[in-house]
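The sequence and structure come first.

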Amino acid sequence: MFDYNNNNYSRRRFLTQSSLGLLTLSGMPGLLNAMEGMQAMPKLTPRQASPNFKPDVEIELSCKQGSVPILVGQQTKVMQYSAKLLLGPKEAVTKIPGSYLGPILRFQKGQKVRIHLHNGLSEPTVTHWHGLHVPAEMDGHPLYAIDPGAKLVYEFEVLNRAGMNIYHPHPHEATATQVYHGLAGALLVNDEEEAALGLPSGGYEIPIVIQDRLFDSENQLVYAHGMHNRMTGFYGDRVLVNGRADFQMDVDSRAYRLRFMNGSNARIYKLGWDDGTPLTVIGVDGGLLEAPETKPYIMLAPGERLDVWADFSGRSEGSQLVMRSLAFSGVLPKMGMMMHTSSLPVGSDYPIFTARVTRKVSDSPKLPSTLSKINRYKITDTANPNNPVPIAISEGHMAMLLNGRPYRYNDPLPSERIPVNTIQLMEIFHAHGGGHGNQPANEGQGGGMMGMGGMRHGGMGGMGMGGGMGMGGGMGMMMAMAHPIHLHGQQFQIVSRSIDTGTEEDYATVREGFIESGLKDTVLVMPGEKVRIIKPFQDFKGLFMYHCHNLEHEDMGMMREFLVE
Ligand code: C2O
Ligand code: CU
Ligand code: CU
């Protein structure tokens, strides 16, 4: 086992040399199974605390059933996280009173954190720290799921820069239902660079976690499992903020820092103020931008975060501002749209929350003109400037796939094996399913460079399209939809976005809502869109997942792994 007591340098070097996440399985039950079958998820003995790890913060995090008031009348049964601070500063855990959301966890960059996860549910679970750069073994891979009643110990150092991350379950094929029933929370990292800015804090820094839910007449959550819901993702008809229906916040006439997270299973929002006031964006998934950006609206897909400077100064007492999701089109399959019957259609215009100025104050902080320094890579810094790692999205009637395959544990394609401590150019694109197997999907799209028969895909020759078999190209386009693609591990840069002809009209309804200047871990890829990213794979070896953060897609297998070795 590894020694966390070492200084950072030797610890990292050791991790680099020891193929963490694979070698650490040695001697654990199930290894043989894993080696031979490559399919079944082996069962591991839950990890215990290491006596050599000296935590700065220690937390017991439990998942259990509970009930909370959401709508008027009967309470709603949920699953929820609760946390007990065992060691460390008290700001590490902040409860959100009355909400099913987990408490806000707040860590400082450089802190060593130990978390005892206790499974108080009646099904297996595991928790993933979405956005954090941690060893594979600490990443909440489904491999590490624990049974009801069991405990699992995570130990890691916070290497991330300041930013908002997410903690949520990641068990095999059950992420969507567990998140839907309430298991999710915000994990904030702070650092010195951020502190020096004096951004609004305390009561002036407000988390805005957006989720849609469907209730029955007894106020209980309804989760629909049908094939159609799996294909398009699940959509509720009520939008909750921080676990509350009809969320309102009373504000002073001054600047606030609003920290958005899209915690919905599938719903994509186009955030904009009702009076046309532009959004001042100061950060995204991977923390602060270098400088603020002003946008008419922002697209926020499941798994994405957004840091907004909202200035209410100059507004009169009693005035209101409503954050809405504005109208847009093109994210659902044309065919799915016909069947999409939610009374709150995706892409329609509806309110999310109201901010009401209830107190006039004379003082307000000033928006800094520069925010942070981002360590940026150029294409020439990548190991593969002419040969991007493909992430091919394929959509069929019965299957949503990446690189032509459904999820299988420890089943890396040649293109999914990444040498540790390299920086990779990657390309996310639609493989347009229509075709069978190894047909080049769509000339002019993957075009020459990235066709499905291309060099990088050497090992993928025989892949089938699952349920997509037999559908024509037109049908393929009918199935095309937007996918928020999330990569575990370090944050990436977006290098370029380009779209297919024929999708411009829909694209025009969303195109100003993307931020390319910040670091990301989740990117919304629209139908017909191709996105190039640069992602570092430093420090840690092992299996790191990448998947669609439409959680129904994730659970139906639209997930793969990179084997960093
Ligand atoms: Cu937010 Cu692999 O997940
Ligand atoms: Cu993640
Ligand atoms: Cu998807």
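The copper ion (ligand 3) is coordinated by H483 (ND1), C548 (SG) and H553 (ND1), at 2.0 to 2.1 Å. Donors are N, O and S atoms within 2.8 Å of the metal (3.2 Å for Na, K and Ca), and water is not among the atoms, so sites may look incomplete. This is a predicted model, in which local features need pLDDT of at least 70, side-chain atom pairs count only at pLDDT 80 or more, and totals for chains, interfaces and linings use all residues. Residues are numbered from 1 along each chain as its sequence is written, chains are lettered from A and ligands numbered from 1 in the order in which they are written, and side-chain values use heavy atoms, with hydrogens and water left out.

**Copper sites**
- The donor residues of the copper ion (ligand 3) follow the spacing H-x64-C-x4-H in sequence.
- C548 and H553 are both buried, where buried means under 20% relative accessible area, exposed over 50%, and partly exposed in between (1.4 Å probe, protein chains only).
- H128 and H486 are buried.

**Salt bridges**
- The count comes to 32 salt bridges, each defined as a side-chain nitrogen of Lys or Arg within 4 Å of a carboxyl oxygen of Asp or Glu.
- E304 and K520 form a salt bridge through their side chains (2.7 Å, N to O).
- E304 lies in the loop between β18 (298-300) and β19 (305-311) and K520 in the loop between α8 (504-507) and β28 (522-525), so the pair ties together parts 216 residues apart in sequence.
- E304 is buried at 6% relative accessible area, and K520 is buried at 5%.
- A network of salt bridges links R106, E194, E205, R257, R259 and D307.

- The chain has 9 helices and 31 strands; helices (H or I, at least four residues) and strands (E, at least two) are DSSP runs, numbered from the N terminus.
- An open sheet of 5 strands has mixed pairing and the order β3-β4-β9-β8-β6; two strands pair if DSSP finds at least two bridges between them.
- β3 (93-94) and β6 (127-130) stand at the edges with a single partner strand each, so one side of each lacks a neighbour in the sheet.
- Of the 565 residues in the chain, 61% are buried.
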